Amino acid sequence: MGKLTAEAIVDKALEIGDSEGLEAVTIRRLATDLGVTPMALYWHFKNKEQLLVGMADHLIAGFAPAAGDARPWQEQLHDLTLGLIRVLRRYPCAKNLLEQVDQTAVPSFLAVWDRALGLAHSAGFGYEESCLITKYLLQSAISIADAPVHFRPGRTPEEIAELQRVKRLSLQTLPPDTYPHLVAMAGPMVEGMSEEFYDSFGVELVLGGITALAARR
């Protein structure tokens with residue numbers, strides 16, 4: 001193969017992480033799959049921690065928050081959150097990865113966070129409130145993106161369908177007198193709904209609270 005690049009390494013690492021889980025991502029495994037020695041990888045990433053940061057940066061790098069947008073802050077924050085969700089959705093290992101790294105060491109994540117902070121502050125919130133708002137918002141985006149994909153690594157569509165069937169039945173067979181709503185809503189609770197509805201409702205739910213708080217300022 002040609003000259004090994006950091007991008008090629010993180011691409012392969014994300015491929016393994018998505019299909020088998022992050023625990024399968026090791027320097028030795030990557031070296032084997034890429035047909036190089038482990039030392040070739042250490043040239044780019046000195047340890048597993050640096051590799052994970054590189055992976056996190058790469059998966060968000062394709063999402064660039066728009067600058068100089070004159071629209072109301074609510075619309076901008078909505079698009080920022082929804083855009084981040086859809087970028088992270090491409091990678092089943094994204095949530096686990098972002099939870100394992102120091103997010104302040106990930107340049108592309110910092111760009112999104114800085115943009116969100118600016119929008120929260122422009123809505124009239126102080127520094128402390130803006131920090132909390134963006135932390136809750138970004139963590140919500142990470143969780144929303146993960147929900148439809150978190151059980152995919154290492155499982156076939158048939159295995160996933162069986163997991164859903166078992167979970168649905170476990171709820172449907174609960175005592176209906178004790179848990180009437182869980183029994184009635186077992187289907188959508190386990191099998192979910194369209195990604196478009198799931199995402200848009202989640203973003204509206206979180207932003208609705210932020211907008212209500214801003215209205216009191």
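Helices (H or I, at least four residues) and strands (E, at least two) are DSSP runs, numbered from the N terminus. This is a predicted model, in which local features need pLDDT of at least 70, side-chain atom pairs count only at pLDDT 80 or more, and totals for chains, interfaces and linings use all residues. Residues are numbered from 1 along each chain as its sequence is written, and side-chain values use heavy atoms, with hydrogens and water left out.

View 1. Along the sequence the pattern reads α-α-α-α-α-α-α-α-α-α-α-α. The C-alpha trace spans about 60 × 50 × 25 Å along its principal axes. The protein has 217 residues, and 38% of them are buried. Buried means under 20% relative accessible area, exposed means over 50%, and partly exposed lies in between (1.4 Å probe, protein chains only). Contact means heavy atoms within 4.5 Å. Take the contacts between residues at least 6 apart in sequence: 70% of these join residues at least 24 apart.

**View 2. Helix α1 crosses helix α4 at roughly 90 degrees.** Helix α1 covers residues 6–20 and helix α4 covers residues 48–61. Their axes come within 9 Å. Axes are lines fitted to C-alpha atoms, for helices over the stretch in contact, and angles run from 0 to 180 degrees between N-to-C directions. Angles under 35 degrees count as roughly parallel, over 145 as roughly antiparallel, 65 to 115 as roughly perpendicular and the rest as oblique. The pair α1 and α4 is therefore roughly perpendicular. From α1 come Glu-7, Ile-9, Val-10, Asp-11, Ala-13 and Leu-14. They meet Leu-51, Gly-54, Met-55, His-58 and Leu-59 of α4. By class, the residues of this contact are seven nonpolar, two polar and two charged. Here Ala, Val, Leu, Ile, Met, Phe, Trp, Tyr, Cys and Pro count as nonpolar; Asp, Glu, Lys and Arg count as charged; the others, Gly among them, count as polar.

**View 3. Helix α4 also packs with helix α7, at an angle of about 50 degrees.** The two axes are 7 Å apart. With that angle, α4 is oblique to α7. On the α4 side are Ala-56, Asp-57, Ile-60 and Ala-61. On the α7 side are Pro-107, Ser-108, Phe-109 and Val-112. The contact has six nonpolar residues, one polar and one charged.

**View 4. Asn-47 sits in the loop between α3 (38–42) and α4.** Asn-47 is partly exposed, at 33% relative accessibility. A polar atom of the Asn-47 side chain lies 3.2 Å from the backbone nitrogen of Glu-49. Thr-26 is 21 residues from Asn-47 along the chain, with 9.7 Å between the C-alpha atoms.

**View 5. Gln-103 lies in the loop between α6 (94–100) and α7 (107–122).** Gln-103 is buried because its relative accessible area is 15%. Its side chain makes a polar contact with the side chain of Gln-139, at 3.5 Å. A polar contact is a pair of N or O atoms within 3.5 Å; within protein, one must be able to donate a hydrogen and the other to accept it, and residues adjacent in sequence count only if both atoms are side-chain atoms. Not counting residues up to four places away in sequence, Gln-103 touches Leu-98, Phe-109, Leu-110, Gln-139 and Ile-142.

**View 6. Asp-199 lies in helix α12, residues 195–215.** Asp-199 is buried, with a relative accessible area of 2%. The side chains of Asp-199 and Arg-89 make a polar contact at 2.6 Å. Beyond four places in sequence, Asp-199 touches Leu-82, Ile-85, Arg-86, Arg-89 and Ile-144.

**View 7. Met-189 is in helix α11, residues 186–191.** Met-189 is exposed, at 53% relative accessibility. Leaving aside neighbours within four places in sequence, Met-189 is in contact with Leu-171 and Leu-182. Asp-69 is 120 residues away in sequence and 37 Å away in space, C-alpha to C-alpha, from Met-189.

**View 8. Two cysteines, Cys-93 and Cys-131.** Cys-93 is buried, with a relative accessible area of 4%. Cys-131 is partly exposed, at 36%. A disulfide is a pair of cysteine sulfur atoms within 2.5 Å. By this rule the model has zero disulfides.
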